[in-house]
Amino acid sequence: MHGEIEEGAVIYDKTSGKSRGYGFITYKHMESAQSALRAPSKLIDGRMAVCNLACEGLSGASTTPDLAQRKLYIGGLSPDVTSEILLNFFGRHGEIEEGSVAYDKDTNESRGFGFVTYKTVEAAKKAIDDPQKILGGRTIIVKLADTHKGKPVQTQLPAAAVVPVALPMAPSYPQPGKAHPTAAPAGYTYPQTIASYPASSYPSPPAAPAPYPTQPLIPYAPLAAKKDPQGMPPTTPMGMGGYPYYIGKQ
């Protein structure tokens, strides 16, 4: 649509034979390339793609310093949400540079998330602050793409801004394998001599007096124990009516 094409191809993986997600187009005239670059966002087969000069590669307009503030991660998507629905939903906040739903390479099914890159930081902030985040019957997650995995962006200081500061080290034991260019560490010899305590410093406690005086033993007269009679009783036991009661032999 921008002019006559000299050559073009989609790049495929040599092992799997699947598309690697990018390609190249060479126009016959420079004017055609300039016309295509005026609208870098292209909706191709349901996905929003972006184009730039091949000599720029990944260092072109798609990797500007504010890209981290313009690219959003969209999570919690319904399987029915396509790239067109996603782009139409977020297009109300501003012009979109690129964006699509992430699909599984093997099954070609939605993975439940996607990405949207706005052309301005203001449009991205509007999308994040928008309270209406229901798409496809689900409440979606909208946040910056660089922080959607919980990894905060770390700001690195230039080397000139870092000034080394010498920290005072307390004397310690020498460690094997480590040299100590500074003063010799203060060591300790073992066993250490310990001063003995004088015997008079801690006298023994006095013995406690007996609470009661000792009493002499009082003798008692022995008592004779009465033994039970053994064998037959000396008199014949009497039964009822005055008749004698006989005990049979056992």
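In helix α3 (83-90), the buried residues are Ser83, Leu86, Leu87, Phe89 and Phe90, where buried denotes a relative accessible area under 20%, exposed one over 50% and partly exposed a value in between, computed with a 1.4 Å probe on protein chains only. These residues lie on the same side of α3, because they cover an arc of only 160° around the axis; the arc is that of the directions from the helix axis to the C-beta atoms. Helices (H or I, at least four residues) and strands (E, at least two) are DSSP runs numbered from the N terminus. The model is predicted, so that local features require pLDDT of at least 70 and side-chain atom pairs count only at pLDDT 80 or more, whereas totals for chains, interfaces and linings use all residues. Residues are numbered from 1 along each chain as its sequence is written, and side-chain values use heavy atoms, with hydrogens and water left out.

The largest nonpolar core has 20 residues; such a core is a set of buried Ala, Val, Leu, Ile, Met, Phe, Trp, Tyr and Cys residues joined through side-chain atoms within 4.5 Å. Helix α3 gives the most to this core, with four residues. Elements that contribute two or more residues are β5 (71-75), α3, β6, β7, α4 and β10 (141-144). Among the residues with the most contacts inside the core are Leu72, Ile74, Leu86 and Phe90. Phenylalanine 90 is buried, at 1% relative accessibility. Apart from neighbours within four places in sequence, phenylalanine 90 is in contact (heavy atoms within 4.5 Å) with Ile74, Ile96, Val116, Tyr118, Ala127, Ile140 and Val142.

Rings of Phe, Tyr and Trp (its six-membered ring) are paired if their centres lie within 6.5 Å, with planes under 30 degrees apart counted as stacked, over 60 as edge-to-face and the rest as tilted. In one of them, phenylalanine 89 and phenylalanine 90 are edge-to-face, with 5.1 Å from centre to centre and 80° between the planes. Phenylalanine 89 has a relative accessible area of 16% and is therefore buried. The charged end of arginine 92 sits over the ring of phenylalanine 89, 4.3 Å from its centre, the criterion being NZ of Lys or CZ of Arg within 6 Å of the ring centre and within 35 degrees of the ring normal. Elsewhere, ring pairs link Tyr73, Phe113 and Phe115 into a cluster, and the charged end of lysine 71 sits over the ring of phenylalanine 115 at 5.0 Å from its centre.

Helix α4 comprises residues 121-129. Its buried residues are Val121, Ala123, Ala124 and Ala127. They line one face of the helix, since they fall within an arc of 160° when seen down the axis of α4. These buried residues pack against α2, β5, α3, β7 and β10. On the other side of α4, Glu122, Lys125, Lys126 and Asp129 are exposed. Lysine 126 has a relative accessible area of 51%, and its C-alpha lies 9.6 Å from that of arginine 92, at a separation of 34 residues in sequence.

Arginine 70, in helix α2 (residues 67-70), is buried at 3% relative accessibility. Its side chain is joined to that of aspartate 66 by a polar contact of 3.2 Å. A polar contact is a pair of N or O atoms within 3.5 Å; within protein, one must be able to donate a hydrogen and the other to accept it, and residues adjacent in sequence count only if both atoms are side-chain atoms.
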